[in-house]
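Morning, everyone. I have one chain to show today, and I will go through it piece by piece. Please have the structure open.

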Amino acid sequence: QYQSQLITEIMYREGQQGANPNENTAPLRGLAVSMVTATGRPVSGAVPVGAAAAVPGNSGISSASMGETPITQITQRALGDRSYDKRKNAALEIESMVRSLLSGTEANIAQEKQTVILRIINQLSVDFCTSMNANYRKGGLIGIAAVSIGLAHDAHAFLEALLKPVLLCFNDPEGRVRYYACESLYNIVKV
């Protein structure tokens with residue numbers, strides 16, 4: 001029954017509001033759904049790329065459902081991990097990804113690379129900084145700071161997108177998240 005409710009919820013979120021839990025769900029039988037515990041840890045299953053999947057700790061369709069995500073699943077998991085070292089290593093990977101996007105370009109960033117960078121920032125903002133899980137919010141803030149450091153002198157072009165989620169996290173009820181917001185803001189400003 002829980003799976004039926006979950007499938008109904010996925011169908012509803014995808015715009016198929018007429019879904020009935022008693023209907024035949026044969027088209028969705030091959031879809032592996034990722035279930036999450038209250039702490040935000042995956043229970044079992046895997047979600048294929050492009051499938052509607054909620055990021056652990058977030059209550060909505062992730063940016064993964066809107067196309068290929070620029071941040072790998074392994075990096076996303078590490079970014080939301082309880083361990084600071086794992087979050088920091090994931091942030092360093094994001095920073096190197098942004099730097100590799102900028103390498104070989106002229107003074108102006110190519111339009112397609114700018115779009116990828118904006119998708120990275122959007123994914124960190126939506127899927128991580130607004131998560132119900134504090135570790136995901138901390139990881140999102142570290143990731144945004146890493147994007148800013150990776151952009152270096154080109155960060156001014158993305159300043160509004162970088163600052164908005166950080167400033168929103170200053171109102172977070174958790175003190176550690178507010179601390180990470182301060183640290184992230186410092187890393188954005190110092191570039």
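I will start with the ground rules, then the whole chain, then a few individual places.

This is a predicted model, in which local features need pLDDT of at least 70, side-chain atom pairs count only at pLDDT 80 or more, and totals for chains, interfaces and linings use all residues. Residues are numbered from 1 along each chain as its sequence is written, and side-chain values use heavy atoms, with hydrogens and water left out.

First, the overall layout. The chain has seven helices and two strands; helices (H or I, at least four residues) and strands (E, at least two) are DSSP runs, numbered from the N terminus. In sequence order the pattern reads α-β-β-α-α-α-α-α-α. There are 191 residues, and 40% of them count as buried. Buried means under 20% relative accessible area, exposed means over 50%, and partly exposed is in between, with a 1.4 Å probe and protein chains only.

Next, helix 2. Gln76 sits in this helix, which covers residues 73-79. Is Gln76 buried or exposed? Gln76 is buried, because its relative accessible area is 8%. Setting aside residues up to four places away in sequence, Gln76 touches Thr69, Ile71, Gln123, Phe128 and Tyr136.

Thr75 is in helix 2 as well. Thr75 has 3% relative accessibility, so it counts as buried. For Thr75 and Ala90, 15 residues apart along the chain, the C-alpha separation is 5.3 Å. The side chain of Thr75 also makes a polar contact with the side chain of Thr72, at 2.7 Å. A polar contact here is a pair of N or O atoms within 3.5 Å; within protein, one must be able to donate a hydrogen and the other to accept it, and residues adjacent in sequence count only if both atoms are side-chain atoms.

Now the aromatics. How many aromatic pairs does a search of the whole structure find? It finds three. Phe128 and Tyr136 count as stacked because their ring centres are 5.4 Å apart and their planes are at 20°. The criterion is that rings of Phe, Tyr and Trp (its six-membered ring) pair if their centres lie within 6.5 Å, with planes under 30 degrees apart counted as stacked, over 60 as edge-to-face and the rest as tilted. Phe128 is buried at a relative accessible area of 0%, and Tyr136 is buried at 6%. Tyr179 and Tyr180 form an edge-to-face pair, 5.9 Å centre to centre with 85° between the planes. Tyr179 is partly exposed at 46% relative accessibility, whereas Tyr180 is buried at 5%. Ring pairs link Tyr84, Tyr179 and Tyr180 into a cluster.

On to helix packing. Helix 4 (residues 111-129) and helix 6 (residues 159-168) pack at about 10°, with their axes 10 Å apart. This makes the two helices roughly parallel. Angles under 35 degrees count as roughly parallel, over 145 as roughly antiparallel, 65 to 115 as roughly perpendicular and the rest as oblique. The axes are lines fitted to C-alpha atoms, for helices over the stretch in contact, and angles run from 0 to 180 degrees between N-to-C directions. Helix 4 contributes Leu118, Ile121, Ser125 and Cys129 to the contact, and helix 6 contributes Ala161, Leu162 and Pro165.

Arg137 is in helix 5 and is buried, with a relative accessible area of 9%. Its side chain reaches the backbone oxygen of Met132 at 3.2 Å. Beyond four places in sequence, the contacts of Arg137 include Phe128, Asp172 and Glu174.

Last, a backbone detail. Ala152 lies in the loop between helix 5 (134-151) and helix 6. Ala152 is not a glycine, yet has a positive phi of about 55°. Ala152 is partly exposed, at 30% relative accessible area.

Technical notes
Contact = heavy atoms within 4.5 Å.
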